[in-house]
Amino acid sequence: MTNHPASPWSDSLQQQTRQAIEEMPLTPDGRLHFKHSTLGYASATLEDLCNDRLVLRSKTGCGDYVFDGIDALLQAGWAVD
């Protein structure tokens, strides 16, 4: 996993990311979508989130990114899209 000293996203977007993960909004495709400034886009299934698994699956097929929690996800530079 790539380590970043600080998230490149605004405090507001980081808070929106926390809320989206905690609230797990119903989406038509059953996924919560994320973006990263260099790694591109990924998504997490609501099923994984409901089961306390924070796994982002790359939309380009570059693999999965697994996080211990929301803080780790934000520190790695991911935010809700």
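The model on screen is a predicted one.

Next, pick cysteine 50, which is also an exposed residue, with a relative accessible area of 51%. How many disulfides does the structure hold? The count comes to zero, with a disulfide taken as a pair of cysteine sulfur atoms within 2.5 Å.

**Salt bridges**

Three salt bridges are present in the structure. Start with aspartate 71 and arginine 18, whose side chains meet in a salt bridge with an N to O distance of 2.5 Å. This pair links distant parts of the chain, since aspartate 71 lies in helix H3 (residues 70–75) and arginine 18 in helix H1, 53 residues apart. Colour both by accessibility: aspartate 71 is partly exposed, with a relative accessible area of 48%, and arginine 18 counts as partly exposed at 25%.

Now select Asp48, Arg53 and Arg57 together; salt bridges link these residues in a network. Which residues does aspartate 48 meet in salt bridges? One partner is arginine 53, at 2.8 Å from N to O. Another is arginine 57, at 2.7 Å from N to O.

Is aspartate 48 buried or exposed? Aspartate 48 is buried because its relative accessible area is 7%, and the cut-off for buried is under 20%. Its two partners are partly exposed: arginine 53 has a relative accessible area of 37%, and arginine 57 has 30%.

Most residues other than glycine have a negative phi.

Go to methionine 24, in the loop between helix H1 (11–23) and strand S1 (31–36). Its phi is positive, about 45°, although the residue is not a glycine. Methionine 24 is partly exposed, with a relative accessible area of 27%.

Finish at aspartate 52, in the loop between helix H2 (46–50) and strand S3 (54–58). Here phi is near 55°, again a positive value in a residue other than glycine. Is aspartate 52 buried or exposed? Aspartate 52 counts as exposed because its relative accessibility is 74%, and exposed means over 50%.

Terms used:
Residues numbered from 1 in each chain as written. Predicted model: local features only at pLDDT ≥ 70, side-chain atom pairs only at ≥ 80, totals over all residues. Heavy atoms only, no water. Helix = DSSP H or I, 4+ residues; strand = E, 2+ residues; numbered from the N terminus. Buried < 20%, exposed > 50% of the residue type's maximum accessible area, 1.4 Å probe, protein only. Salt bridge = Lys/Arg side-chain N within 4 Å of Asp/Glu carboxyl O.
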